[in-house]
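Take a look at the model below.

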Amino acid sequence: MSLSNNITAFLNFVAFMCSIPIIAAGTWLASKPDNECIHWLRWPVVFMGLAVMLVSLAGFVGAYWKKEGLLGVYLVCMAILIIFLLVLLVLAFVVTRPSGAYSVPGKGYSEYRLAGFSSWLRNRITDGHSWGNIRACLAVSDICPKLNTHIITADQFFAAHLSPIKSGCCKPPTICGYQYVNPTVWNNPTNAIADADCSIWNNDQNQLCYNCDACKAGLLGNLRKEWRKANLVLILTVVVLIWVYLIACSAYRNAQTEQLFERYKQGWA
């Protein structure tokens, strides 16, 4: 039984260490400017990582000090957390699969169509109330003003690999034919009726294209890109957690069997 408990304690230490990349991935996501403007997306991964850390710590204490009740609670809670993580991974994979991106000839950046993204994600981000808050947040962020610090000429701008949110929110759509002045000032469109966003663009630095469908699509493009990167870390971590959990279950069952056998021998003695 002591051996089984030692194995379980070691496995819980491994699970505890697995919580660190989950928390790191969640913190990285939360630190991104676009996620700062979408409050309900900022912290779920961090909270999940903290929950894994606390449950693993409880399992370690239960195994090391032979607290069987605590071990049982650990096994139940860890199973629930693994299920939640799997649901989160599947949901993130499904809603980030469509990209909505299309290339712009002669430009270093892509542009994005709102209809090209998952309807589930699109409806929760771009509905009137949600977008009003997100738009206000984007307008006071430094996402677009930063472009003016390192891009001067039109050639530099058109060759730049802009992030989706910068491509969608900080400039008018290329099809409108606006003339470049600086990264966030554009004049004299040659094809102003080509897209509804053409008439929405405004050189006011508090407006730009924040009300454009292109900006909404750019935000979704950024979320897709960031969550797909985080998913790689989460997938590897969940695989390790499942492996650890299965071995811990086996060790716990063996410990229970050994304890029952010892009681049986004592009864006969």
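On one side of α7, H129 and V140 are exposed (over 50% relative accessible area; buried is under 20%, partly exposed in between, with a 1.4 Å probe and protein chains only). This is a predicted model, in which local features need pLDDT of at least 70, side-chain atom pairs count only at pLDDT 80 or more, and totals for chains, interfaces and linings use all residues. Residues are numbered from 1 along each chain as its sequence is written, and side-chain values use heavy atoms, without hydrogens or water.

The buried residues of α7 are W131, I134, R135, L138 and A139. Seen down the axis of α7, they fall within an arc of 135°, so they line one face of the helix. The arc is taken from the directions from the helix axis to the C-beta atoms. An α-helix has 3.6 residues a turn, so residues three or four places apart point the same way.

Now turn to the neighbour. Helix α6 (residues 119–126) packs on helix α7 (residues 128–140) at about 65°, with axes 5 Å apart. The two are therefore roughly perpendicular (65 to 115 degrees). R124, I125 and T126 of α6 meet G128, S130, W131 and I134 of α7; contact means heavy atoms within 4.5 Å.

Two loop residues remain. N188 has a positive phi, near 50°, and is not a glycine. N188 sits between β4 (185–187) and α11 (196–200), and is exposed at 58% relative accessible area. L208 also has a positive phi, about 40°. L208 lies between α11 and α12 (213–268), and is buried at 2%.

Note on methods. Axes are lines fitted to C-alpha atoms, for helices over the stretch in contact, and angles run from 0 to 180 degrees between N-to-C directions. Helices (H or I, at least four residues) and strands (E, at least two) are DSSP runs, numbered from the N terminus. Angles under 35 degrees count as roughly parallel, over 145 as roughly antiparallel, 65 to 115 as roughly perpendicular and the rest as oblique.
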